[in-house]
Amino acid sequence: MNYRVLGQTGLRISEIGLGAFPISGMREQPDGSRFGWTGTDDRESIALIHRCEGLGINLIDSAEGYGDGHSEVLTGRALKGRREKWIVATKVQPNRNLKADQPDEAAARQRILEACEGSLKRMRIDVIDVYQLHAIPHEWAMPVVMETLAKLQGEGKVRWHGISTNNREAIDKLRVLGPIHVLQIGYNLLERSADALLRWAEAEDIGTLIRVPLAKGMLTGKYFGEGAESVAENDVRYERFNRPETIDGLSRLPALSFLQTPGRTMAQAALRFVLDHPGVSCTIAGAKNRQQVEENAAVSHLPPLSAEEVERAVPIAETIRTPGWI
C-alpha cells in the first residue's frame with residue numbers, strides 16, 4: 001500500500017481508504033420492512049475491516065447517519081485492541097432538528113456536542129481523528145458550528161475537522177470562521193466537476209478524501225452489459241438506479257469496457273483514475289466483503305491510466321449524466 005499526507009494534518013494515510021456506508025447493512029423501518037444495503041453480514045463486515053488492516057489500509061470513513069449509527073458500532077467492534085493502527089473519520093449532520101429560518105444557537109451547539117459524544121461511544125474510542133460536517137450548516141449556524149468544532153478539538157475529542165461538500169462558496173464562508181483541515185469531495189470518472197476544487201485544495205494544503213469514486217457502483221462494471229446485476233427494491237440505491245437518466249447512463253457505460261484489461265478490473269480502473277488526480281489524498285471505496293477490499297487495495301500498486309486511455313474515456317463519460325450522485 002502506498003501512503004500520502006492528508007494536507008496540513010500531517011496524517012500519513014493509505015491512498016485507498018474504506019468507506020463504511022455499505023457495512024451499515026439493512027435496518028428495520030417503522031412499518032416493519034427492511035431497507036438499506038443488501039448483501040451484508042456483520043461478521044463479514046468486521047472481518048473485512050481486519051483484512052483492510054492486513055492490506056495496509058489505515059483509514060475508515062463512517063457517519064452517525066449510516067444505518068442509524070450501526071456502521072460506527074461495527075467500526076468500534078472491529079477496531080477493539082487495534083485502534084492505534086487506524087485513522088478514524090466520521091461525520092455529523094449539523095442541521096438535524098434545526099430549521100433554516102429559526103435560529104437557535106444553543107440547539108446547534110448541542111447538536112454537534114451530543115453527536116460527537118454519540119459517535120465516540122458507538123465506536124468505543126476517545127478521539128475522532130477526522131470529524132466532518134455531513135452537510136452545509138444553516139447560514140445562521142455556521143459561526144457556532146465552527147466554534148463548537150474548535151472546542152471539541154481543544155478538548156482532545158477531535159484531532160482535525162472538515163466538511164463533506166463540493167460547494168466552494170460554503171467552504172469559503174466556513175473558512176472565514178475557522179480552519180477547514182479536510183474536505184470530502186465527490187469525484188469520479190463520470191462526475192468530474194470537482195476538478196478545480198481539488199486543485200484549489202492542493203494549493204491550500206487541504207487534505208481530500210474522495211467519496212463515490214465508483215459512482216455508487218455504476219463504475220464497477222456489474223450493472224451494465226450482458227449478464228448485468230440488478231439492485232433490489234429494498235436497497236438504498238434502488239431509486240437512483242431506476243431513474244431514467246441512470247438507466248440511460250448504464251446503457252452507455254459498456255463503451256468504457258476497454259478500461260478493463262487482463263490485469264485490471266473496471267472498478268480498479270475507475271479508482272486509479274481518481275488516484276491519478278494530483279489533488280487527491282485518499283479515495284474511500286465502500287466494500288461488503290474481503291474480496292472487494294482486496295481488489296480495491298491492489299489499485300495502489302497499479303500504474304496510472306495512460307494518456308491515451310484517459311483521452312478515450314473522458315469523451316465517453318461526457319455523454320453520461322448522473323445528476324444527484326455526488
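I take a polar contact to be a pair of N or O atoms within 3.5 Å; within protein, one must be able to donate a hydrogen and the other to accept it, and residues adjacent in sequence count only if both atoms are side-chain atoms.

**Entry 1: the model.** I note that this is a predicted model, in which local features need pLDDT of at least 70 and side-chain atom pairs count only at pLDDT 80 or more, while totals for chains, interfaces and linings use all residues. Residues are numbered from 1 along each chain as its sequence is written, and side-chain values use heavy atoms, with hydrogens and water left out.

**Entry 2: N95.** I located N95 in the loop between β7 (87-92) and α3 (105-123); helices (H or I, at least four residues) and strands (E, at least two) are DSSP runs, numbered from the N terminus. The side chain of N95 reaches the backbone nitrogen of H138 at 3.0 Å and the backbone oxygen of I136 at 2.9 Å. I then listed its contacts (heavy atoms within 4.5 Å). Neighbours within four places in sequence aside, N95 touches A135, I136, P137 and H138.

**Entry 3: T208.** I found T208 in strand β11, buried with a relative accessible area of 0%. A polar atom of its side chain lies 2.7 Å from the backbone oxygen of G279. Apart from neighbours within four places in sequence, T208 is in contact with residues including L6, L183, I185, V280, S281 and C282.

**Entry 4: helix α9.** I checked helix α9 (residues 266-275) and recorded 10 of its 10 residues as buried. Among them are M266, R272 and L275. Which elements cover these residues? I noted that the cover includes the strands β1 (3-5), β3 (16-19), β11 (207-211) and β12 (282-286), together with α10 (290-298) and α11 (307-318).

**Entry 5: the whole chain.** I counted 11 helices and 12 strands in the protein chain. The C-alpha trace spans about 55 × 45 × 40 Å along its principal axes. With 326 residues, a compact globule would have a radius of gyration near 20 Å, and the 19 Å of the protein chain agrees; the radius is taken over C-alpha atoms, and the globule rule is 2.2 Å times the number of residues to the power 0.38. Buried residues make up 55% of the 326. Of the contacts between residues at least 6 apart in sequence, 77% join residues at least 24 apart.

Note on methods: Buried < 20%, exposed > 50% of the residue type's maximum accessible area, 1.4 Å probe, protein only.
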